Amino acid sequence: MKKSVALLTIILIIITAVCGCAGEPAEPKEWYEEVSYEDISLKEIYSDYFMLGTIYTKNITVGADRELVLKHFDTITPENLMKPENMQPTEGSFNYGEADEMIAFANENGLNVIGHTLAWHQQSGDWLGQNVGREEAIEQLRAHIYGVAAKYDGEIYSWDVVNEAIADGASMGNNKTWQDCLRETQWLTSIGPDYIALAFQFAHEAAPNAKLYYNDYNLNETSKAKIAHAMVSELRAAGVPIDGIGMQGHYDIKLKTATVEKSLELFSSIEGIEIAVTELDIGMTGGGLDSEAVFKFMQSEQARLYAELFQIYKAHSDKIVRVTFWGYRDDASWRKEYLPLLFTSELEPKTSFYAVAYPERWLEEEVN
Ligand code: G3I
C-alpha cells in the first residue's frame with residue numbers, strides 16, 4: 001500500500017514537471033505591451049500635438065478613476081452638469097455648486113476645462129427660449145449666457161457656445177443657405193437664425209478670455225460639413241466672435257476616416273478658425289458582440305480606426321488644439337452597449353488604447 005502511494009507521488013511529480021502544470025507558460029507579450037502600461041501617458045505622448053481630454057463627472061475625482069484620468073488627460077468637459085437645465089433649472093435661479101466643485105478639482109490638478117454648452121435644443125429647461133416672443137427670448141439667451149459664462153471667465157478654456165444647430169439630413173442644394181438648414185430648436189423658433197450670432201456675441205461679452213466654439217456631430221458628412229463651413233465662414237467674416245469648430249466624433253466601425261480628414265481640410269481653410277475633436281468615441285455597432293469571433297473582429301476594427309484617426313489628427317495638429325474622448329471607461333459611456341472607449345469596466349487598457357498610443361506602428365504591424 002505504502003509502495004503504491006510513493007509510486008503515485010513520483011508519477012505525479014513527473015507529470016507536473018513534463019506538462020508544466022506548476023504554472024502555465026506565460027503568453028508571449030505583444031509588441032505594444034513591451035512598454036509597461038504604468039509608463040504610458042497618453043497626454044504626454046500627444047503633448048507636442050494637442051491637448052487630450054475626457055468627460056468630467058464626479059466619479060473621476062476619486063480612486064482609480066481619478067488616477068487614470070490624471071495620468072492620461074489634461075482637459076475635462078463636464079458631461080452634463082453645465083448644460084442649461086442644470087445651470088439654470090428655473091428662470092433666474094442659477095445652480096453653481098457642482099460647476100464650482102469641478103473648477104476647483106481642475107485647478108488643483110492643472111486641468112483645462114471646456115464649457116459645455118450654452119445654447120442647445122436638449123437638456124434645457126422647458127421654459128428657456130420657449131413660448132416667448134423674440135425680444136424676451138433674446139433676453140433669456142443673454143441672461144443665461146451671462147449667468148453661466150461670466151461667472152467662470154478665466155477658468156474655462158473654451159465654450160461650446162452653440163451645440164448641434166444644423167438639422168439632421170439638411171443640405172444646401174437647390175440654392176438653400178445655411179440658415180435654411182438649421183434645426184427647428186426653441187431658439188430658432190423664438191428668435192430666428194440670428195440666435196447663433198447673438199449667442200456668440202453674448203458669450204464674448206460675458207467671457208472675453210474664452211475661445212468660442214460651434215460644436216456638432218456628423219461633421220465628417222459632406223453636406224453637413226458644407227453647411228457648418230458656410231455658417232462659420234459667414235459669421236466670422238461678419239465679425240461674429242467665433243474661434244473654433246468642434247467636431248464631436250461619435251463614430252462607429254463603418255467609419256471611413258478619409259471623410260474626417262476631408263472635413264478637417266475644409267474647416268482649416270477658414271481663416272483664423274481652430275478645430276477641436278470634442279466628443280470622440282467609436283461604437284462597435286452591428287450586433288453579435290457575444291460571439292468571440294465577431295467581438296475580436298470589431299475590436300480590431302475599432303483599434304484600426306482609432307489609429308487612423310490619431311494619425312490624421314497628428315497630421316492636422318497645426319489646426320487641432322484638442323482631442324477629447326467622450327469618456328474613458330466603456331461601462332460609463334452613453335453608448336455603453338457598443339463598448340466605444342479605451343478602457344474596460346475594470347479600467348484595463350483595451351487594444352484601442354494601444355492603437356491610440358502608437359498609431360503609426362499599430363497600422364504598420366497590426367493592419368498592413
Ligand atoms: O439626471 C437624471 C436622473 O435624475 C434620472 O434618474 C436618470 C434616469 O434615466 O436620468 C438622468 O438624466 C440622464 C442624464 O444623461 C444624466 O445622467 C438622462 O436620462 C440622459 O438622457 C442623459 O444623457 C446624456 C445625453 O447627452 C443627453 O442628450 C449623456 O449622459 C451625455 O453623455 C450626452 O452627451 C451628448 C453631448 O452633450 C452633446 N453631443 C451628444 C452627446 C451624446 O448624446
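# Charges and burial: worked exercises

Glutamate 27 is exposed, its relative accessible area being 71%. The model is predicted.

**Exercise 1.** Locate glutamate 27 and classify it: buried or exposed? Then find which residues gather with it in a patch.

*Solution.* 
- Step 1. Glutamate 27 sits in the loop between α1 (2–19) and α2 (42–45).
- Step 2. Exposed means over 50% relative accessible area. Glutamate 27 has 71%, so it counts as exposed.
- Step 3. On the surface, Glu27 gathers with Glu30, Glu33 and Glu366. Together these residues form a patch of negative charge.

**Exercise 2.** State how many salt bridges a search of the whole structure finds. Then examine the pair lysine 224 and aspartate 216.

*Solution.* 
- Step 1. The search of the whole structure finds 17 salt bridges.
- Step 2. The cut-off is 4 Å from a side-chain nitrogen of Lys or Arg to a carboxyl oxygen of Asp or Glu. Lysine 224 and aspartate 216 meet at 3.2 Å, N to O, so the pair is a salt bridge.
- Step 3. Check the burial. Lysine 224 is buried, and aspartate 216 is buried too.

**Exercise 3.** Find which glutamates meet arginine 304 in salt bridges. Relate the pairs to the turns of helix α11.

*Solution.* 
- Step 1. The side chain of glutamate 301 forms a salt bridge with that of arginine 304 at 2.7 Å, N to O. Glutamate 308 also meets arginine 304 in a salt bridge, at 2.8 Å, N to O.
- Step 2. Helix α11 covers residues 292–315 and holds both glutamate 301 and arginine 304. These two lie 3 residues apart, about one turn of the helix.
- Step 3. Glutamate 308 and arginine 304 are 4 residues apart in α11, so about one helical turn separates them.
- Step 4. An α-helix has 3.6 residues a turn, so residues three or four places apart point the same way.
- Step 5. Buried means under 20% relative accessible area. Arginine 304 has 18%, so it counts as buried. Glutamate 301 is buried as well.

**Exercise 4.** List the buried residues of helix α3. Decide where they lie around the helix axis.

*Solution.* 
- Step 1. Helix α3 spans residues 63–72, and its buried residues are Asp65, Leu68, Val69 and His72.
- Step 2. Look down the axis of α3. The buried residues fall within an arc of 95 degrees, so they line one face of the helix.
- Step 3. Turn to the other side of α3. Gly63 and Glu67 are exposed there.
- Step 4. Return to Asp65. A network of salt bridges links Asp65, Arg329 and Asp331.

Terms used:
Residues are numbered from 1 along each chain as its sequence is written. This is a predicted model: local features need pLDDT of at least 70, side-chain atom pairs count only at pLDDT 80 or more; totals for chains, interfaces and linings use all residues. Side-chain values use heavy atoms; hydrogens and water are left out. Patches are made of residues with over 30% relative accessible area and no salt bridge: like charges are joined within 9 Å, nonpolar side chains (Val, Leu, Ile, Met, Phe, Trp, Tyr) within 5 Å. Accessible areas come from the Shrake-Rupley method with a 1.4 Å probe; for residues, only the protein chains shown count as cover. Lys and Arg count as positive and Asp and Glu as negative; His and the chain ends are not counted. The place of a charge is taken as NZ of Lys, CZ of Arg, CG of Asp or CD of Glu. Buried means under 20% relative accessible area, exposed over 50%, partly exposed in between (1.4 Å probe, protein chains only). The arc is that of the directions from the helix axis to the C-beta atoms.
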